[in-house]
Amino acid sequence: EEPMDLMLLVAVSSSESFPPADPWLSGYPVSYYYLGYWLLATLGHLAGTAAEFTYNLGQATWLALLLVSCFGLAYDLSAAGDRGAGDRRESMAVGLLAALLAGLTANLALPLEWGRRLAEGSAASLWSENWWWWRSARVVADEGLRGERLEVITEFPFFSYLLGDNHPHLLAMPVVVAGLTLALAVVAGAAAPSPEAAAGPSPPTWRGRIVPIRGGLWLGMLAVGGSIAAINTWDLAAIWPIMVLATAAGAQPARDGSGAAGRRRGLAAAVLMTASLVLGTAILFLPYHLTASSQVRGLLPNLFHPTPLGQVVLMFAVLAPGVALLVGSAWSGGNASLGRAVKWWLGILGAAAVWLGACAALAAWGGGFETWLAETAVGLERERLTGFVLERWRAGWPTLAVLAGGLALALEALRATWGTQDSRGRAGLLFALLLVAVGLGLVLAPELVFLHDSFGTRMNTVFKFWYQAWLLLALAAALGVGRAWRSGGSARAAALLAMVAVVPGLFYPVMALRTKTSGFASPQPTLDALAWIERNRPEERAAIEWVRRSTPPGAVVVQRSGASYRPEHNLPSIATGRSTLLGWGGHEYQWRGASFAEFAAGREEALQGIYRPSSERELQQLLRRWRVDYVYLGPEERDHYGVGPEHEERLAAGMDLAFENDRVRIYRRRGPA
């Protein structure tokens, strides 16, 4: 989908107003998370770099931002309350490990497959297969009601950079880490009281009653937290809970953190932060929200597709040892209660059972709920539904039990640590436990519920939630290893084992890079995202350059309608940002949902009429009706619409020939717009 990402980047770069015009649906603004592309385009403008170079340079920049920000946040988590140069060196090691885990390692799908093939004697053939590296981002295999395989995306950050798509989930990650860093500052600030506060409690000022943390931090959290909605809305599920809980922790300092007054103050701060995020997001990013639409139709219960435990382990095994060490360190040094943890665990399992049972019963008994399941339960008799759900979930309860158990241990450790914020070091542990709790919650959520979108499955929910969970758990795992190492003794041995567990995750990046780049043996390495057009379609590259130089950014340059993942169908709009009537229709539907049918009505027929006009009068009517400025006639248009000499004659009679070479002609509309 690099062509789609390049199109959005070019559209934002060349737009004269915001929201940017949609190059694939003329007359409408972009209906996708475009703020990340705006950030990338802004850097390109500041550097004086064309969009086709900004695309690749920006991806390298974003990877650097991710690694550096993860290093900085993990360093701060580890160095909170440091006691000297030795601790700082250990904190640097924790930061490096966090950068490695978050951005440069992978799951265990490849080592497992390679080991199996090695046992079968076919390991050498693995590297000669096309796209073998793709399978590591598809480790979950859902099964449809008829036994068919349903695709579930399980990307991790390194895969995103290997693939090369500058998608919103990639562009959002450094911003998410920036938000986490601000949230950590709130927690750490509460654990490091000023000398005045150490002398004794004093009545809060009027401003302290309204905004219980420093105003600059508050505004920073609003700006960063709100921006996520316009960069990648899915990430709100990770960043907002952490910001709210961090604000609650920061509002109740250690001296009264476990008392009723501290709890009331923390609850009030959490409510205020929640309201501020909602209101601030709406106000600060109003232009985006005014035109944003979504394909999401609501929530659906996951009655049919629980994840087998082995597939969850395959995805997160590299991070699990470090996370376990972190939670274990909180248990060993605090007043966590096993009895309370069991209550947490039973409560989570009980809530899950009630949720799934109630949803299955409502679907079986009717009452309108069955319409929610129309796409996923088609052909399933109502009286068989409950039994079918129980049968499908036999493989899911072990996963739910393990994930709920890990979440219960993390929540109890968090509860115990929350009440003992007596140092900045404890603040770092508290914040890391927040990361674990939210991260495990994101892994657990798609077992119970998923967003109902145009795909009709939980593919997107697993993808986006697990992707965020990878980042949070990677940061926590690095701190867990660091804390265990600092403790010495058997804990240090456990830290060594956790670092050894990371090694198989480094196998994929090394081999995948070699395969994807053909051993770094490209005869013509370039940062130009449009270089392939120059090599393979030079006449079309010349026509594209003419469009870029000679047409205004708001011009409508008609070209053929496009099929998703086929860049050659819409080269002018991809490379110049000029709008056409209809680009990748499948993607437009994904972005706009049900409204797309109304927006796209008549466009395909109009394109047929423009490229195969029955008369000059019909051509002029269509050009005026759809506000067309230019008609691009290249090999794709001739082939797709069957443009013959008589059609070109009518185009030439009704329009001015503005550009011509051996393969492309571009016609300009006559008269005023």
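## Cysteines, a pocket, a helix and a loop residue

The structure holds zero disulfides, a disulfide being a pair of cysteine sulfur atoms within 2.5 Å. This is a predicted model, in which local features need pLDDT of at least 70 and side-chain atom pairs count only at pLDDT 80 or more, while totals for chains, interfaces and linings use all residues. Residues are numbered from 1 along each chain as its sequence is written, and side-chain values use heavy atoms, with hydrogens and water left out.

Among the cysteines, Cys70 counts as buried because its relative accessibility is 0%, and Cys359 counts as buried at 4%; buried means under 20% relative accessible area, exposed over 50% and partly exposed in between, with a 1.4 Å probe and protein chains only.

The largest pocket has a volume of about 1,400 Å³, a volume being the space filled by probe spheres set on grid points that are joined across faces, edges and corners. A pocket is here an open set of points on a 1 Å grid over the protein atoms alone, where a 1.4 Å probe fits and protein lies on both sides within 12 Å along at least five of seven lines, and lining residues have an atom within 4 Å of a point. Of the 34 residues that line the largest pocket, Glu2, Asn56, Leu163, Lys516 and Thr526 lie nearest its centre. Helices that each supply at least two lining residues include α1 (2-14), α6 (157-163) and α22 (507-516), but α3 gives the most, with six residues; helices are DSSP runs (H or I, at least four residues), numbered from the N terminus.

After α26 comes Gly593, whose phi is positive, near 70°.

Val643 is found in the loop between α30 (635-641) and α31 (645-654), and it counts as buried because its relative accessibility is 13%. Leaving aside residues up to four places away in sequence, Val643 touches Tyr611, Leu633, Glu637, Arg638 and Glu648, where contact means heavy atoms within 4.5 Å. Val643 and Gln608, 35 residues apart in sequence, are 9.5 Å apart in space from C-alpha to C-alpha.
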